[in-house]
Amino acid sequence: MALEAEAAGAPLGSFLRDFPSALGPGEPLPWSSAGSGAVSEAEAPGALAELARNLLGGRGVSPLLAASLIHAAVDEVLRTDLTEFKKESVERQGEGDEERLTLLDGELLQRCFFNKLRDVCFEWQKQLPPLRSLKRFLLVSIHAIRNTRRKMEDRHVILTEFNQLFGLADDIDRAYFAIFDGHGGVDAANYSATHLHVNVGLHEEIVKNPAEALKCSFRKTDEMFLLKAKRERLRSGTTGVSALIVGNKLHIAWLGDSQVMLVQQGNAVTLMEPHKPEREDERARIEALGGCVTYMDCWRVNGTLAVSRAIGDVCQKPYISGDADGDTFDLTGSEDYLLLACDGFFDAVKPYEVRHGDSYSSFVGGSGILNCVPGQLSYPSALGVAKNCLMYLLAYFKKLLQSSDWKQVRRRTLHCRICCF
């Protein structure tokens, strides 16, 4: 259904009342200054989009309108001469020589971006451009459990407004989902959740070859984070799995042992093989580079990490590879739901145990109304006794509810997103 101007007018008006004029030099930014450090040109689109997403989402702006506003504002910034925000140049090691990496002043860049965002809101309040809504119904649920770990190091991305965020104006619907399972800190997982989908959306092959765009973006995100890790002495890493739905195609890509599965007519369908050190091909690759795979309570690379591929882990490159694997599948209409989960989920629930009845039936009561929160969707007793942090994301392809039930569902669930897709 089309987004009407009246529905968009209230949040735009509220935004402009709170920010009646552009921010001047020295005026505080409308978000935390913790993220106003230097960024590279490659990091700018993702960093700015994430700031705006949090700001607009906290003000009740619909995801569809927010994504469209963010695209317009980021596009305006990227059209400017970014050298005016140049803060410093640092040396980076290229292949056989040294290159210069330009860093931008994060605070100046963010102030410029916010003013562009405000200008877009001002223009759109007067005349809202057409915003194409999504076509089919999709319900997405996310749940996370820290268990006995001190910190939650897993992150997720749900982006059903992919077209709007990247200005893709064709008639093909796209949606992106990802899970990142961090280790050694949260920096790599946070970074990947901010930048990987942006690298996908801005990839030159996103329209003609989305599978290649998805797979290559893992490598680019890894390279970007390694530069940041060397500058800031970060040591964390993250596995990751992502799914990009383009029309009736499902494209997946992954690094490490996070997994994606498809449940089709009540049967779990394995789509991938996780990257673990004990895999014969992974062991051969690591040993050919001069590394080793040893058993220390589980199989580990060089006696440390229990995964063989990841974003980050600067001290373990190249043994811990940043090259993703990927695959593509047809969506025929017989799919029940898509499951993305970190390894902690599959420590408690075996892949063959993921099936239609245990999740889908508990999701819907006898009246067809959603009767439980996401934490109750799949095997809560098994997941609660796991030691590791875990996160899982469910994307349902079936239309469980009628439109008249949506408001009731939203009141009863805090972690579900219901979209037309």
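**A close look at one loop**

Reply: Asp313 is buried, with a relative accessible area of 5% (buried means under 20% relative accessible area, exposed over 50% and partly exposed in between, using a 1.4 Å probe and protein chains only). Before going on, note that this is a predicted model, where local features need pLDDT of at least 70, side-chain atom pairs count only at pLDDT 80 or more, and totals for chains, interfaces and linings use all residues. Residues are numbered from 1 along each chain as its sequence is written, and side-chain values use heavy atoms, with hydrogens and water left out.

So where are we? Asp313 sits in the loop between strand 13 and strand 14; helices (H or I, at least four residues) and strands (E, at least two) are DSSP runs, numbered from the N terminus. Asp313 isn't a glycine, yet its phi is positive, at about 55°.

Pro318 belongs to this loop too, with strand 13 covering 311–312 and strand 14 covering 325–330. The peptide bond leading from Lys317 into Pro318 is cis, its omega near 5°.

For contrast, look at Arg233, in the loop between helix 7 (210–232) and strand 7 (237–246). Arg233 has a positive phi as well, near 60°, and is not a glycine either. But Arg233 is exposed, with a relative accessible area of 72%, whereas Asp313 is buried.

As for the setting, the chain has 12 helices and 17 strands, and buried residues make up 54% of its 421 residues.
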